[in-house]
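Subject: Structure handover

Hello,

Here is the structure I promised to pass on. Please open it and keep it beside this email while you read.

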Amino acid sequence: MSKFYSRLALKAFPYTPGEQPSDKKYIKLNSNENPYPPSPSVGKAIQEEIHKLNLYSDPEATVLVKALAEYNNVNEENIFAGNGSDEVLAFAFAAFFAGKAILCPDITYNFYFTFAKYFESEFIEVPLQEDLSVNPNDYNWDNYKKFHPRSQFGGIVLPNPNAPSGIYMNLSEIEKIVRANPDGVVLIDEAYIDFGEETAASLIDKYDNLLIVQTFSKSRSLAGLRIGFAIGNAELIKGIKRMKDSYNSFTVDRLAMYGAVAAIKDDDYFVEMKNRIITTREMVTRKLQNLGFTLTNSKGSFIFMTHRDIPAIYLYEQLKQEGVLVRHYKQPRINNYLRVSIGSEEEMNIFCDIIEKLITEAKV
Ligand SMILES: Cc1ncc(COP(=O)(O)O)c(C=O)c1O
């Protein structure tokens, strides 16, 4: 590493995103991108703003915050909008977890570990259960503090549904965790909540330590626009803004802001597209089960699959050769699984046909 690097750069643990190779055209089922384009109204809204690009965007993202507050049935003071949910998560880490201890599942979205390194949080891994689900009883700081007597508790980070398992925890389980940890912020990352499950946003009035983070990257087909947001108690939102304004006042650009507002307003399109993904997910799940795969009960825009007899790494490599990219993790416990994003129906039929062929060949 360069001698010019700061201490911060030296101790960083950069996240590795899903591969984006350019050697040939792939069916990309490795980054949980939405296979469908965004609502046509997004493009129109962006077009209308283009001639105003000489002006800075609104640092408070007021129009977007208003639209999000209305959509989620909360007040504007309960919303923070940012440049993708990764950025919102980073500000939340900075505001609530920097230098403190956090509890987090051992198998989850890897960026939490990256943030923990960056913000010098003590990252305490809580093992998932044998079936890869979260046990809410495992998330209580009172049971950990005796082993970490010098640590200051920051809170808990949990995606719901979890990634890459896709397993969903219901609201009473979330509430149990929030109630058991009044001295820490419980951050629920709901990146995949729209694919069939219920947000915990309704609980924010009841609990001042609950923070919800969502994204436009998955269910609204806007990964390239970079919009994420947080819903929480006004004091938590102020904390996130405090970090944003210590870093960059204009994180949400003008085009993204108005594009996102247009996406919120086109609710029919949103509902139709997410339902399409859910239907395809269920169809693919049934097909794979019939081929002998075991799948977690994923409520995300992806499936998580394993086969008793055929190694996941073999399937990953064969699929890549056939022009289909999926995600394989090297991490113990899940290194025999593949995470496969739900693509269009056509893409998933191709994927299933290749899998069926590989399974048939393997049995010969
Ligand atoms: C669980 C989870 N949270 C957050 C993100 C980040 O989403 P974005 O920064 O595109 O909003 C992802 C992206 O894959 C994710 O899987």
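Start with strand β10 (residues 302-307), which is joined to β13 by five bridges. The two strands run antiparallel. Please bear in mind that this is a predicted model.

Now look at β13 itself, residues 337-341. Tyr337, Arg339 and Ser341 point one way from β13. Leu338 and Val340 point the other way. β13 also pairs with strand β12 (residues 327-328), again in the antiparallel sense, over two bridges.

Which residue of β13 does Met305 stand opposite? It is Leu338. His328 stands opposite Leu338 as well.

Stay with Met305 for a moment. Its place is in strand β10. Is Met305 buried or exposed? Count the other C-beta atoms within 10 Å: there are 24. The cut-off for a buried residue is 20 or more, so Met305 is buried. Leaving out residues up to four places away in sequence, Met305 touches Leu288, Phe293, Leu295, Tyr337, Leu338 and Val340. Gln214 is 91 residues from Met305 in sequence. In space, the two are 25 Å apart, C-alpha to C-alpha.

Next, the open sheet. Seven strands form it, in the order β2-β8-β7-β6-β5-β3-β4, with mixed pairing. Why is one side of β2 (79-82) and of β4 (122-126) left without a neighbour in the sheet? Both stand at the edges, and each has a single partner strand, so one side of each has no neighbour there. On average, neighbouring strands of this sheet are turned by 20° against each other, direction ignored.

Inside this sheet, find β6 (residues 185-189) and β7 (residues 210-215). They pair in the parallel sense over four bridges. Leu187 has Leu211 in β7 as its bridge partner. Helix α4 (residues 85-97) packs on the sheet. α4 touches β2, β3 (101-105), β5 (153-159), β6, β7 and β8 (228-232). The direction of α4 makes about 160° with that of β7.

Then there is the largest nonpolar core. How many residues does this core have? It has 101. Leu64, Ala81, Ala92, Ala230 and Ala260 touch the most other members. The element that gives the most to this core is α4, with 10 residues. Domain 1 (17-37 + 268-363) and domain 2 (40-265) both give residues to the core, so the core lies between them.

Take Leu64 as an example. Setting aside neighbours within four places in sequence, Leu64 is in contact with Ala81, Val252, Met257, Ala260 and Val261.

Last, the whole protein. There are 11 helices and 13 strands. The radius of gyration is 21 Å, close to the 21 Å that the globule rule gives for 364 residues, so the protein is as compact as a globular protein of that length. The C-alpha trace spans about 60 × 60 × 50 Å along its principal axes. Of the 364 residues, 44% count as buried. Now take the contacts between residues at least 6 apart in sequence: 73% of them join residues at least 24 apart.

Best wishes

Conventions. Residues are numbered from 1 along each chain as its sequence is written. This is a predicted model: local features need pLDDT of at least 70, side-chain atom pairs count only at pLDDT 80 or more; totals for chains, interfaces and linings use all residues. Two strands pair if DSSP finds at least two bridges between them. Axes are lines fitted to C-alpha atoms, for helices over the stretch in contact, and angles run from 0 to 180 degrees between N-to-C directions. Two residues are in contact if their C-beta atoms, placed from the backbone, lie within 7 Å. A nonpolar core is a set of buried Ala, Val, Leu, Ile, Met, Phe, Trp, Tyr and Cys residues joined through C-beta atoms within 7 Å. A residue is buried if 20 or more other C-beta atoms lie within 10 Å of its own, exposed if 12 or fewer, and partly exposed in between; C-beta atoms are placed from the backbone. Domain bounds come from an automatic or database domain assignment. The radius of gyration is taken over C-alpha atoms; the globule rule is 2.2 Å times the number of residues to the power 0.38.
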